[in-house]
Amino acid sequence: MDNLTRVSFQIIAAVGGARSSYVEAIRAAKNGDFDAADELVKKGDESFIEGHDAHNGLIQQEAGGDPVNMTLIITHAEDQLMAAETFKTVALELIDVYRQLSRLEAGGQPPRLVPPLP
């Protein structure tokens, strides 16, 4: 297996794990377990960073004058990287919605208005 294929699979595995953690975090929040949701987001972030660092190594390689040949597998890896990053954003929003619903169900204050994400 060549280096590009190895790094591609490393990215796919890492960000796939991140996405799975984000999905589990949403499920935990849906069940009212916000501590677990927060921990799962952190776990997902750690996995995501592994994939991002592997991808960054390829960018540094190319910036150093050693071009990276685009293949279907690295394209897939980059797609999975971007999808996991997007999914994290959605997961954080859903977790916040579940937190606010939980407060309302407990007789708490109505949800606060927050400015949109940048």
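This is a predicted model: local features need pLDDT of at least 70, side-chain atom pairs count only at pLDDT 80 or more; totals for chains, interfaces and linings use all residues.
Is glycine 17 buried, exposed or partly exposed? Its relative accessibility is 27%, so it counts as partly exposed. For a sense of distance, take alanine 36, which is 19 residues from glycine 17 along the chain. The C-alpha atoms of the two are separated by 16 Å.

Now a second residue of helix 1, serine 8. Serine 8 has 0% relative accessibility, and because buried means under 20%, serine 8 counts as buried. What is serine 8 in contact with, once its neighbours within four places in sequence are left aside? The answer is Ile73, Ile74 and Ala77. Two of these names, Ile74 and Ala77, will come back when we get to the buried residues of helix 3.

Next, how helix 1 packs against helix 2. Their axes are 8 Å apart, and the packing angle is about 160°. Angles over 145 degrees count as roughly antiparallel, and therefore helix 1 and helix 2 are roughly antiparallel to each other. The crossing of the two is left-handed. By class, the residues in this contact are 18 nonpolar, 9 polar and 4 charged.

On to helix 1 and helix 3. Here the axes come within 9 Å, and they cross at roughly 15°. That makes the two helices roughly parallel, since the cut-off for that is under 35 degrees. The crossing of helix 1 and helix 3 is left-handed. The contact of helix 1 with helix 3 has 21 nonpolar residues, along with 3 polar and 3 charged.

Last, helix 3 itself. It covers residues 72-105, which is 34 residues.

Which residues of helix 3 are buried? They are Ile74, Ala77, Gln80, Leu81, Ala84, Ala91, Ile95 and Gln100. Those buried residues pack against helix 1, residues 3-30, and helix 2, residues 34-63. Ile74 and Ala77 are on that list, and both are in contact with serine 8, which is in helix 1.

After helix 3 comes glycine 107. Its phi is positive, near 85°. That is where I'll stop.

How values were computed. Residues are numbered from 1 along each chain as its sequence is written. Side-chain values use heavy atoms; hydrogens and water are left out. Helices (H or I, at least four residues) and strands (E, at least two) are DSSP runs, numbered from the N terminus. The expected span of a helix is 1.5 Å times one less than its number of residues. Buried means under 20% relative accessible area, exposed over 50%, partly exposed in between (1.4 Å probe, protein chains only). Contact means heavy atoms within 4.5 Å. Axes are lines fitted to C-alpha atoms, for helices over the stretch in contact, and angles run from 0 to 180 degrees between N-to-C directions. Angles under 35 degrees count as roughly parallel, over 145 as roughly antiparallel, 65 to 115 as roughly perpendicular and the rest as oblique. A crossing is left-handed if the near helix is turned anticlockwise from the far one by less than a right angle, and right-handed if clockwise. Ala, Val, Leu, Ile, Met, Phe, Trp, Tyr, Cys and Pro count as nonpolar, Asp, Glu, Lys and Arg as charged, and the others, Gly among them, as polar.
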